[in-house]
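Student: I've got this structure open and would like to talk it through. Can you take my questions one by one?

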Amino acid sequence: MTIAIIAHDGKKAEMVAFIKDHAPLFQQKNIDLIATGTTGSHLERAGLEVKRMESGPMGGDAQIASRLVEGKVDMVIFFRDPLGKHPHEVDVNMLMRLCDVHNIPLATNQAAAMRFVKTL
Ligand SMILES: O=C(CO)COP(=O)(O)O
């Protein structure tokens with residue numbers, strides 16, 4: 001299965017800690033990770049293999065959305081920063097909408113992500 005990992009800047013530290021805590025699950029052979037650009041760099045530094053898209057503001061969320069529409073993404077973990085302002089909010093909303101359109105599980109905070117990883 002393919003899991004998309006995304007984190008807004010204000011949540012990247014939280015995301016890295018979360019990923020490190022659950023690294024053995026994310027490193028399983030049957031799991032491929034994709035991520036927006038900067039999030040992906042953080043994941044690589046944490047020792048994970050990940051396919052990196054463009055940075056979010058440059059279209060990375062849109063790339064992930066496109067793959068999702070093609071049936072190539074099975075789960076999205078998106079640590080959103082609800083207190084931040086994002087120039088590409090329209091892309092973020094599109095991605096979340098398409099998760100609903102295509103019935104793809106989407107975790108937008110750590111508590112939800114914790115439950116998701118229990119299914120891996
Ligand atoms: O902005 C993002 C999600 O909307 C995340 O993008 P980066 O991982 O490139 O910072």
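**Around the ligand**

Tutor: Let's start with the shell around the ligand: its residues split into 9 polar, 3 nonpolar and 1 charged. Keep in mind that this is a predicted model.

Student: Which element gives the most residues to the shell around the ligand?

Tutor: The shell has 13 residues, and T36, T38, T39, S55 and G56 come nearest to the ligand. Two elements give two or more residues to it, α4 and α3 (37-45). The top contributor, with 3 residues, is α3.

Student: Is D61 buried or exposed?

Tutor: D61 sits in helix α4, and an unreviewed UniProt entry lists D61 under "active site". Within 10 Å of D61 there are 28 other C-beta atoms. The cut-off for burial is 20 or more, so D61 counts as buried.

Student: How many residues are in the largest nonpolar core?

Tutor: Look at the elements supplying at least two residues each: β1 (2-7), α1 (12-21), β2 (32-35), α4 (60-69), β4 (75-79) and α5 (89-101). Among the residues with the most contacts inside the core is L33, which touches I3, I5, F26, L43, L48, E49, V50 and K51, sequence neighbours up to four places away aside. The size of this core is 28 residues.

Note on methods: Residues are numbered from 1 along each chain as its sequence is written. This is a predicted model: local features need pLDDT of at least 70, side-chain atom pairs count only at pLDDT 80 or more; totals for chains, interfaces and linings use all residues. A nonpolar core is a set of buried Ala, Val, Leu, Ile, Met, Phe, Trp, Tyr and Cys residues joined through C-beta atoms within 7 Å. A residue is buried if 20 or more other C-beta atoms lie within 10 Å of its own, exposed if 12 or fewer, and partly exposed in between; C-beta atoms are placed from the backbone. Helices (H or I, at least four residues) and strands (E, at least two) are DSSP runs, numbered from the N terminus. Two residues are in contact if their C-beta atoms, placed from the backbone, lie within 7 Å. UniProt positions are given in the numbering used here, feature names are shortened, and annotations may be inferred rather than shown by experiment. A residue is near a molecule or strand if its C-beta atom, placed from the backbone, lies within 6 Å of it. Ala, Val, Leu, Ile, Met, Phe, Trp, Tyr, Cys and Pro count as nonpolar, Asp, Glu, Lys and Arg as charged, and the others, Gly among them, as polar.
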